[in-house]
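Hello,

I am passing a structure on to you, and I hope you enjoy looking through it.

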Amino acid sequence: MQNNAVVLTPNRYIQSRVSSVEVVLREGLDNPLEDIENLEIQMKQIAIIARCQFEHTCKFLVSLFDPIAAAYTGMLANGSHRLPAQQSQFALLDGQLTWLVFILGAVIGTRLQSSPSESYDALDAELICRALNLMRMVDENLAVSGVMGSEQLQVAILNFLQHFRLSFIGDTVPRHGLLYQRLKCYSRSDLIISKTLQLLSDLCLGYTSLRRLIKSDRIKFILENHTAQHFPFLDQCSDTRHRTTFYSALGRIMSSGTVG
């Protein structure tokens, strides 16, 4: 009975969050995805419980994620997300994916707090591959069409990458192009810029990640073109601390003495 309760609790929470998106959109309610502080508290709590019966939780997450991600990326691929008649459906899928990516990140982030297991590593890999594939599709669409998607989904992706970096790959990050794209394209979103700059700043503190940054063509471009002409957030974001964080990170890269 106790094990059943442990299985049902995270699954019911996950389902309730995914189902809530339609209600929020239909009724015009406050979006809980915009309350980042409360959201992070919820994610920490549910992730710990989810790890207790991880196989069941992972299976449930995959069963929800796959059809929603397929529908979402399909709309991106065929351009139907631009049609006025399809925008409500696209917003629904976007919100549902945002919840799932936040939950995936939280679950991956508690990996080091659970007992190591090869079977659990395989389950983690299933979740990570899905999140990274979604990120790739979103980034490709951004590069081709300029469609940026919701702020909340971008924050969820950045949140996932932070958890992934800390739990699996230390002071490295899978794609430096992600940093470049978000700094360039999301100039009017203080939240996305803040999360992106925090990730860049964290990477500059690690020896291995700093070496990787130096070798990245995207980072070299940023070093050579670090003005508002290429990164409008430097002029547009209301928080002036973003400029300080940005140039401090570039300063750390430059002062490593191996750029070129």
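Let me start with the largest pocket, where the lining residues divide into seven nonpolar, six polar and three charged (Ala, Val, Leu, Ile, Met, Phe, Trp, Tyr, Cys and Pro count as nonpolar, Asp, Glu, Lys and Arg as charged, and the others, Gly among them, as polar). Before going further, please note that this is a predicted model, in which local features need pLDDT of at least 70 and side-chain atom pairs count only at pLDDT 80 or more, while totals for chains, interfaces and linings use all residues. Numbering runs from 1 along each chain as its sequence is written, and side-chain values use heavy atoms, with hydrogens and water left out.

**The chain as a whole**

The protein chain contains 12 helices and zero strands (DSSP runs: H or I of at least four residues for helices, E of at least two for strands, numbered from the N terminus). Of its 260 residues, 47% count as buried (buried is under 20% relative accessible area, exposed over 50%, partly exposed in between, with a 1.4 Å probe and protein chains only). Among contacts in the chain with a separation of 6 or more, 77% are between residues 24 or more positions apart (a contact means heavy atoms within 4.5 Å).

A pocket here is an open set of points on a 1 Å grid over the protein atoms alone, with protein on both sides within 12 Å along at least five of seven lines, and its lining residues have an atom within 4 Å of a point.

Two or more lining residues come from each of α1 (2-27) and α4, with α4 giving the largest share, five residues. By class, this lining has seven nonpolar residues, six polar and one charged.

Val101, Ala131, Leu134, Met135, Ile157 and Phe160 make up its lining, which is six nonpolar residues with no polar and no charged ones. Both α5 (118-145) and α6 supply at least two residues to this lining, and α5 gives the most, with three.

Glu151 lies in α6, which spans residues 151-167. Glu151 counts as partly exposed because its relative accessibility is 30%. Apart from neighbours within four places in sequence, Glu151 is in contact with Ser189, Leu191 and Ile192. Leu191 is 40 residues away from Glu151 in sequence, yet their C-alpha atoms are 8.0 Å apart. The side chains of Glu151 and Ser189 make a polar contact of 2.3 Å (a pair of N or O atoms within 3.5 Å, one able to donate a hydrogen and the other to accept it; residues adjacent in sequence count only if both atoms are side-chain atoms).

Arg51 sits in the loop between α2 (36-50) and α3 (54-78). With a relative accessibility of 7%, Arg51 counts as buried. The side chain of Arg51 is joined to that of Asp124 by a polar contact of 2.6 Å.

**Two helices with a buried face**

In α9 (residues 207-215), the buried residues include Ser209, Leu210, Leu213 and Ile214. Down the axis of α9, its buried residues fall within an arc of 140°, so they line one face of the helix (the arc is taken from the directions between helix axis and C-beta atoms). Tyr207 and Lys215 are exposed on the face of α9 turned away from its buried side.

In α10 (residues 217-224), Ile219, Ile222 and Leu223 are buried. These buried residues span an arc of 100° seen down the axis of α10, so they line one face of the helix. On the face of α10 turned away from its buried side, Asp217 and Glu224 are exposed. At the start of α10, a side-chain oxygen of Ser216 comes to within 3.3 Å of the backbone nitrogen of Arg218.

Best wishes

Definitions and conventions. On a 1 Å grid over the protein atoms alone, a cavity is a set of points where a 1.4 Å probe fits but cannot get out, and a pocket is an open set with protein on both sides within 12 Å along at least five of seven lines; lining residues have an atom within 4 Å of a point.
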